[in-house]
Amino acid sequence: MAMPEYILLMHGDTPRTPDATLWDAYFAALHAQGAFVGGSSIGDGVTLRKGATAAPLTAQLAGFIRIRAADLPAAQALVSGNPVYECGGTVEVRELPLD
């Protein structure tokens, strides 16, 4: 059975900017645990809604990381060392259910 996947949504609300060495160490740790699936920063975009005005972009989202973990508590534990979290910013942990 495949291990569940989760997405870490990083907000752009850190009081100080994480430096590259923190990211390098964090990604190395995720890879070493076999948890890293993918991720990216999030750039500009648009919102669309057929026949009505769309809600505004969610401006606070700055990036995401997709991970594998046994369960939600294990996914939460993988936030430790995340540069956004360690620099005082917000990280959401969401399950990616298999639909």
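The model is predicted. I began with the second largest pocket and sorted its lining by residue type: 7 are nonpolar, 3 are charged and no polar residue is present. That lining consists of 10 residues, and those nearest the pocket centre are Met3, Pro4, Glu5, Leu96 and Leu98. I noted a volume of about 160 Å³ for the second largest pocket.

Next I turned to the largest pocket, which holds about 190 Å³ of space. I found 15 residues in its lining, with Met10, Trp23, Ser41, Ala62 and Gly63 the closest to the centre. E1, H1, E2 and E3 each give two or more residues to this lining. Which element gives the most to the lining of the largest pocket? I recorded E3, with 4 residues. By type, the lining of the largest pocket has 8 nonpolar and 7 polar residues, and no charged ones.

Then I traced the sheet. I read it as an open sheet of 4 strands in the order E2-E3-E1-E4, with antiparallel pairing. Strand E2 (36-41) and strand E4 (91-96) are the edge strands, each pairing on one side only. On average, neighbouring strands of this sheet are turned by 15° against each other, direction ignored.

I also checked what packs on the sheet. Helix H1 (residues 20-32) does, touching E1, E2 and strand E3 (61-68). The direction of H1 makes about 25° with that of E3.

Last, I looked at the pairing of strand E1 (residues 5-11) with E4: the two run antiparallel and are joined by 6 bridges. For Ile7, I noted Arg94 as the bridge partner in E4.

How values were computed:
Residues are numbered from 1 along each chain as its sequence is written. This is a predicted model: local features need pLDDT of at least 70, side-chain atom pairs count only at pLDDT 80 or more; totals for chains, interfaces and linings use all residues. Side-chain values use heavy atoms; hydrogens and water are left out. Two strands pair if DSSP finds at least two bridges between them. Axes are lines fitted to C-alpha atoms, for helices over the stretch in contact, and angles run from 0 to 180 degrees between N-to-C directions. Contact means heavy atoms within 4.5 Å. On a 1 Å grid over the protein atoms alone, a cavity is a set of points where a 1.4 Å probe fits but cannot get out, and a pocket is an open set with protein on both sides within 12 Å along at least five of seven lines; lining residues have an atom within 4 Å of a point. Grid points are joined across faces, edges and corners, and a volume is the space filled by probe spheres set on the points. Ala, Val, Leu, Ile, Met, Phe, Trp, Tyr, Cys and Pro count as nonpolar, Asp, Glu, Lys and Arg as charged, and the others, Gly among them, as polar.
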